[in-house]
Amino acid sequence: MENKNYYAVLMAGGIGSRFWPVSTTSFPKQFHDMLGTGSSLIQKTFARLSKTVPEENIFILTNSKYEDLVKEQLPNVTDRQIVLEPAMRNTAPCILLAALKIQKENPDALMLVAPSDHWIEDENAFNDNIRTAFDACQRQPILMTLGIEPTFANTGYGYINYIEDSSTPIKKVKRFTEKPNKELAKQFLADGNYLWNAGIFIWSANTIVEAFEKQMPDMHHLFFRGIDALNTERETKFLSRTYPKADNISIDFGIMENAADVRVLPATFDWNDLGTWGSLYEKLTKDFQNNAIVNAETFAPNSQGNMIHTQSNKAVVIDGLEDYIIVDRDDVLMIVPKEKEQDIKSISKSVQQKLGKNLN
């Protein structure tokens with residue numbers, strides 16, 4: 001039976017620049033079928049959450065320029081469920097806005113906040129975990145997050161240090177650490193009581209609004225003075241004047257790292273943030289030469305360990321390539337060693353500057 005107090009907020013305003021040239025400013029990765037499954041990442045995320053949260057209680061936080069994409073890919077979503085950011089900001093302002101809107105609509109609301117572009121295979125385990133978290137947040141005024149058991153010393157994720165307690169699966173958070181260097185990441189892995197920060201949060205609407213009021217009073221005041229306009233036809237005008245004035249700060253820095261009562265539930269599902277072509281490669285099925293292929297019809301003698309992504313059914317012929325990222329989209333063909341995947345963001349800027357045209 002659906003719980004009408006359950007809400008979810010999908011953050012879908014990012015650009016995903018490390019997935020260039022497929023992910024662009026005009027058509028970012030959350031709206032692409034990155035895995036070749038027939039559904040975009042935002043469609044898969046919405047469907048996953050709808051197993052626990054009523055569809056009408058799933059809100060989409062996105063930039064104004066992606067409104068049409070959201071409506072096209074999620075045609076059953078109403079205007080009420082689309083929360084448009086009139087300016088590019090970080091996660092704290094958009095989460096506060098969503099929390100105030102949800103709190104005004106339902107003071108008993110419990111809300112989950114999650115990125116719209118992550119890969120989660122075991123959806124039943126995911127929904128079991130979020131129901132456990134919802135239940136905890138209904139009983140106590142806590143801020144919760146889901147942490148991922150680290151499998152290697154990854155320096156690209158933040159880490160959550162928790163206090164060991166065998167009596168409960170929900171742990172008290174000791175501290176958050178931003179992306180560590182390699183040696184520190186290795187130490188975290190050896191210590192054992194560290195989790196990757198997946199950026200998935202659960203709390204009651206009341207608890208997170210109170211946390212903003214206490215820890216970020218200026219931002220709280222900025223938005224709360226328009227509380228009468230939220231969820232009305234006056235909301236758009238209020239936000240167009242107010243939202244650009246909000247600080248560009250993440251929910252981690254603004255709230256979570258300094259909050260008094262933060263808990264973490266170690267997740268029981270596989271997870272990948274799909275932040276780079278290399279991370280996508282790791283999660284895709286490989287052919288007999290260990291190539292990961294999306295959409296292409298590939299002929300690849302003596303070629304191993306490549307990530308190949310093209311438009312539908314394009315024939316790709318490669319010979320003698322090993323550990324490369326090969327991406328074909330419209331007027332861009334990119335062939336880059338996988339070891340240089342972190343350079344793709346800067347490569348895209350350099351290419352566009354040299355050509356003197358926008359490829360986004």
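1. Let me start in a loop: N290 sits between α10 (277-283) and β12 (292-294). Helices here are DSSP runs of H or I with at least four residues, strands are runs of E with at least two, and both are numbered from the N terminus. N290 is not a glycine, yet its phi is positive, about 70°. With a relative accessible area of 42%, N290 is partly exposed (buried is under 20%, exposed over 50%, partly exposed in between, using a 1.4 Å probe and protein chains only).

2. Some ground rules before going on. This is a predicted model, in which local features need pLDDT of at least 70 and side-chain atom pairs count only at pLDDT 80 or more, while totals for chains, interfaces and linings use all residues. Residues are numbered from 1 along each chain as its sequence is written, and side-chain values use heavy atoms, with hydrogens and water left out.

3. D323 also deserves a look. Its phi is near 60°, a positive value in a residue other than glycine. D323 belongs to the loop between β15 (315-317) and β16 (324-329), and is partly exposed at a relative accessible area of 36%.

4. Please check the peptide bond between W20 and P21 too: it is cis, with omega about 5°. P21 falls in the loop between β1 (6-11) and α1 (41-49). As background for these points, most residues other than glycine have a negative phi, and most peptide bonds are trans.

5. Now to a strand residue, S204, which is found in β9 (residues 194-204). S204 is buried, with a relative accessible area of 10%. Its side chain makes a polar contact with the side chain of T207 at 2.7 Å; such a contact is a pair of N or O atoms within 3.5 Å, where within protein one must be able to donate a hydrogen and the other to accept it, and residues adjacent in sequence count only if both atoms are side-chain atoms. Leaving aside residues up to four places away in sequence, S204 touches A109, L110 and C137 (contact means heavy atoms within 4.5 Å).

6. Finally, the whole chain. The protein chain has 11 helices and 17 strands, and 54% of its 360 residues count as buried. Among contacts between residues at least 6 apart in sequence, 66% join residues at least 24 apart. Along its principal axes, the C-alpha trace spans about 60 × 50 × 40 Å.
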